[in-house]
Amino acid sequence: MTEAVKARATAIAEPARSTAPDSESGAERVHEPTPAVELVGISKIFGSTVAAKDVSFELFPGEVLALVGENGAGKSTLVKTVGGVYRPDEGFLRVAGEKVELHSPLDAQHRGIAVVHQHPGLFPDLSIAENVFAGQPIRGAAGLLDHGKMRADAQKWIDMLGLHRDAATLVSSLRTSEQQMVEIARALAADAKVLILDEPTAALTIGEVEKLFTVIDDLRTRGVAMMFVGHRLEEIFAVSDRIAILRDGRMIDTRVTSQTDQAETVKLMVGRELGDLYPRHNVTIGDPVLTVSDLSVTGSFHDVQLTVRAGEVVGLAGLVGSGRTEIARVIFGIDKPSTGSLNLDGNPIRPRSAADAMAHGIAYVSEDRRGQSVIEDFSILDNATLPVISQATKLGMIRRRLELALVSESLERMKLKFARFDQPIGTLSGGNQQKVVLAKWLATNPRLLILDEPTQGIDIQAKAEVHRIISELAAQGLAILMISSDMPELIGACDRIMVMRHGEIVAEFDRGNATQYEIGLAATGVTAPVADQDDVGLAEAPAGGSADALVHADTALNTATATPHPPSTAPPEKPAEATRPQREWLKRLVGRRETGLLAALLVIIVPLSILNPRFLSSANLVDLMLVETSLIGIVAIGELMVMLTRQIDLSVGSIIGLTGYIAASTMAAHPDLPVIVGVVTATGVGLLCGLINGVIVAYGRVPSIVVTLGTLAIYRGVDSILSAGKQVGSADVPDSWLAWTAAKPLGVSILVWIAAVIFIVAGGFLWKTSRGREIYATGSNPDGAKLIGIPAPRRVLLAFCASGLLAGFAGALWASHYTIVDGQLALGIELTVIAAVVVGGVSMRGGSGTVLGALIGTFALLVIKNALALAKVDAQYLQAFYGAAILLAITVDLVVARRARRTGKVLA
């Protein structure tokens with residue numbers, strides 16, 4: 001990338017123009033190229049807030065336009081407008097010269113526009129490959145999904161970006177920066193003509209930024225139009241051709257990058273001179289506050305020696321995976337060290353938990369602000385007082401006066417911009433949220449403050465204010481350990497910088513002799529190339545002051561990652577052949593939830609068969625257990641689909657009872673009707689019930705547990721009214737109605753064959769069709785699904801309709817198989833169904849589970865029920881058992897989810 005950056009830093013970058021003689025004057029006239037995307041007078045208003053007002057600019061093929069401005073300037077609003085998430089209130093868009101209306105992200109995708117959003121809209125329960133091709137899957141024969149090719153192609157994209165992970169890895173196991181790279185890979189895989197990058201480097205290290213900039217250079221040569229939204233001005237000046245500057249929702253100016261500088265850009269952004277980005281007070285460094293000796297965590301870092309003194313800011317630099325955050329987690333008591341010791345103010349400590357660390361005077365600001373540092377729906381005051389809420393209580397009641405006394409002074413000192421203390425923190429800008437986080441931890445009166453990426457994703461003015469606060473805290477004698485991937489920030493804010501590589505501290509720099517170039521060499525382990533020795537002096541330019549400093553830092557990192565033939569961003573042509581060792585396949589098989597369930601079943605079945613030989617008899621195992629598994633399993637498949645979307649259907653038992661009675665009474669009233677009429681009637685009524693549930697949940701936005709708890713009572717009430725205490729018995733219905741479920745093709749009940757077909761079809765639908773995978777995506781991340789154009793409400797409706805339809809079909813089977821039907825048919829069966837699905841590995845949090853797991857879970861519960869019956873245990877204890885099974889399964893699900901995040905392998 002370095003040569004391209006140098007060229008951009010010294011040449012005037014303008015859209016290509018061509019000349020032709022004017023038809024009237026004969027003089028040459030300049031032809032502007034057709035913009036790939038043009039915004040014309042765009043305005044967007046949310047209530048009383050004007051997010052964008054009369055904004056116009058163009059994106060040209062082969063050009064990078066940087067969009068800059070403070071948080072709240074309107075950048076993300078414009079990104080979502082171009083991406084089809086928002087529709088403008090005024091103005092319009094042109095795409096390739098054509099005026100268009102984008103009604104959804106899918107419309108934007110179909111017109112060749114891809115967006116990498118600031119907060120990755122990925123699906124944690126799906127693999128990297130499925131995330132890369134979410135919304136645009138690769139299909140094979142008969143239009144079914146080709147998972148093998150998606151894995152192979154996704155592997156090439158992420159390898160090109162320097163993300164060295166298996167494409168079958170679960171996204172939930174990835175770091176924030178790695179997830180950002182997956183989001184970028186998804187945009188590249190779309191082969192878009194327009195690429196919008198919204199804060200793509202906020203969570204990336206310098207090395208990852210280098211990889212991204214290499215890709216951007218290649219896309220520029222291929223004629224892709226790009227918009228780059230960011231806060232790091234050194235990156236903006238390194239990558240862009242033009243800069244569009246926003247302030248308060250309005251376009252202030254557009255400048256050619258090489259004809260302006262950072263100071264002028266900042267002045268236009270904030271409307272005034274910013275001053276020193278990294279202010280420093282006169283501080284006398286005191287005695288050691290934190291001393292780390294020979295600290296190690298197996299697999300993360302080893303033999304770390306570190307000292308942070310009072311009034312000192314010590315920085316930790318390094319690539320992702322070097323062990324920086326892992327050290328912070330040990331100091332704060334989240335993780336346990338394998339060896340080594342910690343001393344605070346000369347006293348040995350060994351924090352057993354975060355609460356224990358806080359009690360010792362340690363505070364930790366996590367790198368994941370949205371996920372770990374704030375609760376967006378809570379108020380500013382609630383967030384600010386969370387760690388010290390016990391100090392704001394009296395007689396067990398929280399006192400607002402005490403809460404305000406704890407944090408109001410800190411918030412005022414931080415110049416927080418807000419309307420009121422009970423305002424939800426999610427309504428604040430990223431910079432103001434970070435100030436609340438700082439105030440929250442300062443309320444604990446710490447001796448040591450650990451800051452992990454403290455200015456990630458916040459604008460230049462907010463960054464300056466955060467650094468002012470850090471400097472003031474250091475001047476007051478606070479010891480500060482700061483982890484950052486922003487090298488200008490490390491050099492500008494820290495007294496000393498420790499560089500980590502592969503879990504070791506490999507270099508230390510004082511503030512006076514630290515350069516981006518030298519830090520880059522230490523972080524990558526590269527020896528300075530002879531050809532670049534003269535550049536070292538240039539690398540000592542003021543932090544954040546010029547693109548040259550970034551150029552030379554990138555030179556070091558580029559050397560570390562250089563390959564003889566840089567990868568191209570052209571779409572992969574051939575899927576790579578699978579070369580995984582057999583033992584890896586066996587390891588993944590053993591790790592599957594279903595394998596564990598089968599092993600548990602064997603543990604139950606073997607001793608039962610020894611104690612009671614009747615247990616494995618054909619009459620017990622086939623005629624009773626398999627038939628009952630089939631009947632309940634059909635309903636469990638519908639419940640599975642609902643729970644995959646992060647919902648629940650409590651009404652399935654009532655639907656079975658209602659449809660069973662309607663089917664039986666219909667056949668009793670009209671004995672000459674074909675059997676299929678009774679089945680279709682029951683299925684249709686079940687579908688209608690599911691449709692009612694789905695519409696209210698998906699479009700009425702009423703919690704599914706409330707809706708289906710209500711319809712459980714309604715459908716059972718209708719059933720009771722229709723039956724009026726009467727039964728429909730075998731003597732009331734035609735023989736044909738009873739005979740069809742009594743058939744045994746090849747000696748096996750027709751019910752088992754029917755269930756087998758439904759299981760296979762459902763499994764194929766969920767795994768091999770785009771709608772099936774979209775059901776998983778909807779439950780895994782509903783907001784992310786909307787961002788890429790997946791119609792989440794329709795997928796929720798589809799799941800409820802499937803649940804109702806299958807419950808209705810099961811009602812017809814029950815009415816035929818059990819011969820006697822009344823208003824109490826299948827009473828309480830919903831608990832059995834939910835227990836079967838949850839025991840089978842379907843997550844209550846949505847997005848995770850399989851048909852095979854649901855089937856095994858159903859069979860497992862019925863095996864235990866049968867065993868209890870053979871042991872003559874009273875049936876009234878079954879409900880208690882099912883409730884305990886649900887609690888146990890949920891506990892196991894949490895353990896499995898944590899294990900999956902650590903191993904990162906797809907278990908489904």
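1. Start with how α23 and α30 cross: in this predicted model, the crossing of these two helices is right-handed. Helix α23 covers residues 652-669 and helix α30 covers residues 792-817. They pack at an angle of about 50 degrees, and their axes are 7 Å apart. That angle is why α23 counts as oblique to α30.

2. Which residues make that contact? On the α23 side you'll find Val652, Ile655, Ile656, Thr659, Gly660, Ala663 and Ala664. Helix α30 answers with Ser803, Gly804, Ala807, Gly808, Gly811, Ala812, Trp814 and Ala815.

3. Helix α30 has another packing partner worth a look, α28 (residues 770-780). Here the axes come within 9 Å and cross at roughly 105 degrees, so α28 is roughly perpendicular to α30. From α28, the contact uses Arg771, Glu774, Ile775 and Thr778; from α30, it uses Ala792, Arg795, Val796 and Leu798.

4. Now the sheet. Four strands form an open sheet in the order β4-β3-β6-β7, and the pairing is antiparallel. The edges belong to β4 (49-59) and β7 (98-100); each has a single partner strand, so one side of each has no neighbour in the sheet. From one strand to the next, the twist averages 30 degrees. Inside the sheet, β3 (residues 37-46) and β6 (residues 90-95) pair antiparallel over five bridges. If you want a landmark for that pairing, Ser43 sits opposite Glu90 in β6.

5. A helix also packs on this sheet: α2, residues 75-82. Helix α2 touches β3, β4 and β6, and its direction makes about 120 degrees with that of β3.

6. Finally, the nonpolar cores. The largest has 121 residues, and those with the most contacts inside it are Leu195, Ile331, Leu448 and Leu449. Helix α16 (residues 460-475) gives the largest share of this core, eight residues.

Conventions
Residues numbered from 1 in each chain as written. Predicted model: local features only at pLDDT ≥ 70, side-chain atom pairs only at ≥ 80, totals over all residues. Heavy atoms only, no water. Core = buried A, V, L, I, M, F, W, Y, C linked by side-chain atoms within 4.5 Å. Buried < 20%, exposed > 50% of the residue type's maximum accessible area, 1.4 Å probe, protein only. Pairing = 2+ DSSP bridges. Axes fitted to C-alpha atoms, helices over the stretch in contact; angles between N-to-C directions. Contact = heavy atoms within 4.5 Å. Parallel < 35°, antiparallel > 145°, perpendicular 65-115°, else oblique. Left-handed = near helix turned anticlockwise from the far one by under 90°.
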